Amino acid sequence: MRRTSIFAILLLAGCSERPTQKPTMVIGAKKFTESYLLAEMGASLSRQAGVEAVRKDLGSTPTLWLALTQGDIDAYPEYTGTITRQILKDNPSDLGAALSVYGIRMSKPFGFRNNYALGMRKDSAAARGIAKISDLRNHPDLRCRFIDEFLDRPDGWPGLRDAYGLPQKDVKGMNHTLAYAGLVEKSVDVTEVYTTDGEIAQHDLLVLDDDRHFFPAYEAVWLYRADLETRAPGAVAQMRKLEGNISEREMQEMNSRVQVNKAKESAVAGEFLMAKSLRGSAAEEETLADRLAITTFEHLRLVIPSLLAALLVSIPLGIVASRRIRLGQAVLATTGVLQTIPSLALLLFLMPLTKWLLGSGIGAPTAIAALFLYSLLPIVRNTYTGLTGIAPPLRESAHALGLTRWAILWRVELPLAAPTILAGIKTAAVINVGTATLGGFIGAGGYGRPILRGIDKGDIPMMLEGAIPAALMAVIVEGVFGLAEKWIARRRG
Amino acid sequence: MFHLDGAAKRFAGRTALGPISVEIPAGKTTVLIGPSGCGKSTLLRLLIGLITPDDGRVFFDRVAVTDATAQSVRRKVGYVIQDGGLFPHLSARGNVALLARHLAWPRARIDARIAELAELTRFPLDALARSPNQLSGGQRQRVGLMRALMLDPVALLLDEPLGALDPLVRAELQDDLRDIFRKLQKTVVLVTHDLGEAAFFADRIVLLKDGLIVQDGTAADLWHRPADPFVTRFVQAQRGPQIPAEAA
């Protein structure tokens, strides 16, 4: 009985997608509110065309572009300035033609620009007589805080500094939301803003005039795969209804409603479409229990297969390592190095690999591959330690009996090492449950989704919706393995 | 039964044993004795291929003991070490039955054989279900003996089997062991560093020093006809209790 139910759980966890008949499409979003809102609108409009459309939240520009060209997603909202400066690194006269080389189409602009700009408190700017960016040259002591991407991008700080000859030395990376908070409480003087940010109006900030026209125009557009026009022409037509339909003020207001008033982006997007008499269909409303059931299912779908695969690989590896000293050292060193790769870096390394192997670079398979690699070390190391730690007289007794090598391994050595191996599996499982939350970064779902979204929005209840179950699951896993260890110990008397 | 032909073993470049040529006859109890590090345990391990000689050869029943033949040799030879060498994850019964179960003996045959051995070694049947660390030292040794005898081997090797026991248990087990050896009429090779114990069991004693045989004979030979001064010293070093005379 027990065996059957475990089997059922594995089967459940193994089934990756629910069957669907309707054509499906995935609309990607970058990890900030405006992108979520636009992707929501795109999904809602596409559903009206009878397409099963879902939104998938991915990382930053390179991740989205990779996902789009690989076909992991079908469309996402992008800005023309980012396309020229960051994606193409070129300013072609015909942007659409340049993109079609990659099999990508671009819609007409939605009507608003989300330009980069520099922002300051109105009172501190007035006190120093600053109104435009070139005025900053006379104030080298200003504390500037930008997001890391802005610090790195050629169309960000490096280009801006060179174009204006800016002298500021105190320039550091900081999270966007925190930089706004710092600006308000005067621990930061200058930060980069996006002209549609809800916070500009909320805190009544001054947007410095770009008097040398350094920042390009960031017109919001759809990027979508050319093949979508044949696969789901209705959806493309629907999505393109956003063209010329959103003003800067409207976008600012929607951002503010989500960011400041904590409204749900799907609701804000839906109301906007309604107000514009654009027909969309909302996704079905989910209750907390529904959401928990889905995130738990998704989380287990990452944890169980990765742990099982790690078991199948790392126990034999540990056995081999215990037999051949030099190979053993190499195996332990390799798995040790894997463990030190930062998890986000590992996910990015794996994306092209899983794309090549499985046809999809984002989503659960990539996360499972990363979790698998992370689970190897504790199990390999403990299998190795457990086997090499067996007392020599016991090992000799087993050999003296005349058992075959396999029988010695199976009937004596592995059972003797079992408590140590089990402890390794426990460690791997607990780490695995925690690390799986990073799956949120690559659209693998699980508890990481609400956690990351909650952090972005500063929405603590949403964060806890992922964090508490993740912690609980780790505690339960720890407890179950603890019971198993006790049970084994009791059998030994 | 066993035959060593110029066998030698080195550990880390240092000679631990040999070269030694010796014949161990069937049906007799041969005791290997000598000070620590004399090579007596090494010799015992060579007999069933737990280690392979660097020079010379080892034969069992006229067949060379090699990696290829070691397994079949071991199944015909029982091996008992100090404190029994029992596997802590198995019960006493599980330890005794391990090899038979691996060879897929029917359950009834296993049970019958265990009952027979429990009677022979005077081991209480109800203690068979216990795990090794719930048994006394003497009981563990009896289980180790049962495990070695399970497949009814032609020879029995024992490496300091009584070394870890207190004197009373040790004396009792010595008596039982000798009775068992006599009853079974098997080839027995026993390693000890205690001359009294050696004399108690042995048909023949082989005294080793620095990896070589110093004297090979009966206990009486060692006592009365020592081959060299070392034998005399070794014999005299084994002293009985010296009780001071009591004042009248």
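The following legends describe close-up views of a predicted model.

**View 1. Overall content of chain A.** Chain A of this predicted model contains 22 helices and ten strands. Of its 493 residues, 44% are buried. Where contacts in chain A link residues at least 6 apart in sequence, 77% of them join residues at least 24 apart.

**View 2. Packing of helices α18 and α20 in chain A.** Two packed helices are described by the angle between their axes and the distance between the axes. Helix α18 (residues 364-388) and helix α20 (residues 405-435) of chain A have axes that come within 8 Å and cross at roughly 160 degrees. An angle over 145 degrees counts as roughly antiparallel, and α18(A) is therefore roughly antiparallel to α20(A). The crossing of α18(A) and α20(A) is right-handed. From α18(A), the residues making the contact include Leu371(A), Tyr374(A), Pro378(A), Ile379(A), Arg381(A) and Leu387(A). From α20(A), the contributors include Glu413(A), Ala417(A), Ile421(A), Gly424(A), Ile425(A) and Ile431(A). Classified by residue type, the contact of α18(A) with α20(A) has eleven nonpolar, ten polar and two charged residues.

**View 3. The side of chain B that touches chain A.** In this view, 17 residues of chain B are in contact with 17 residues of chain A. On the chain B side, the elements that give two or more residues are α2 (70-76), β6 (77-81) and α3 (92-102). This side of chain B has eight nonpolar, seven polar and two charged residues.

**View 4. The six-stranded sheet of chain B.** Six strands of chain B form an open sheet with mixed pairing, in the order β6-β7-β8-β3-β9-β10. At the edges stand β6 and β10 (212-217) of chain B, each with a single partner strand, so one side of each is left without a neighbour in the sheet. Neighbouring strands of this sheet are turned on average by 15 degrees against each other, direction ignored. Helix α5 (residues 137-149) of chain B lies across β6 and β7 of chain B and runs at about 165 degrees to β6(B).

**View 5. Strand β9 of chain B and its two partners.** Strands of a sheet pair through backbone hydrogen bonds, either parallel or antiparallel. Strand β9 (residues 204-209) of chain B pairs with strand β3 (residues 29-33) of chain B in the parallel sense over four bridges. Within this pair, Leu207(B) of β9(B) stands opposite Ile33(B). With β10(B), the pairing of β9(B) is antiparallel and extends over five bridges. Lys209(B) has Leu212(B) in β10(B) as its bridge partner. The strands β9(B) and β10(B) form a hairpin with two residues between them, and Asp210(B) in the turn has a positive phi of about 50 degrees.

View 6. The buried residues of α1(B) include the charged-class members Lys40(B) and Arg45(B), together with Ser41(B), Thr42(B), Leu43(B), Leu44(B), Leu46(B) and Leu47(B). α1(B) lies across β3, β7 (155-159), β8 (187-192) and β9 of chain B, and runs at about 150 degrees to β8(B). Just after α1(B), Gly49(B) adopts a positive phi of about 70 degrees.

Technical notes: Residues numbered from 1 in each chain as written. Chains lettered and ligands numbered in written order. Predicted model: local features only at pLDDT ≥ 70, side-chain atom pairs only at ≥ 80, totals over all residues. Buried ≥ 20, exposed ≤ 12 C-beta atoms within 10 Å, placed from the backbone. Contact = placed C-beta atoms within 7 Å. Axes fitted to C-alpha atoms, helices over the stretch in contact; angles between N-to-C directions. Parallel < 35°, antiparallel > 145°, perpendicular 65-115°, else oblique. Left-handed = near helix turned anticlockwise from the far one by under 90°. Pairing = 2+ DSSP bridges.
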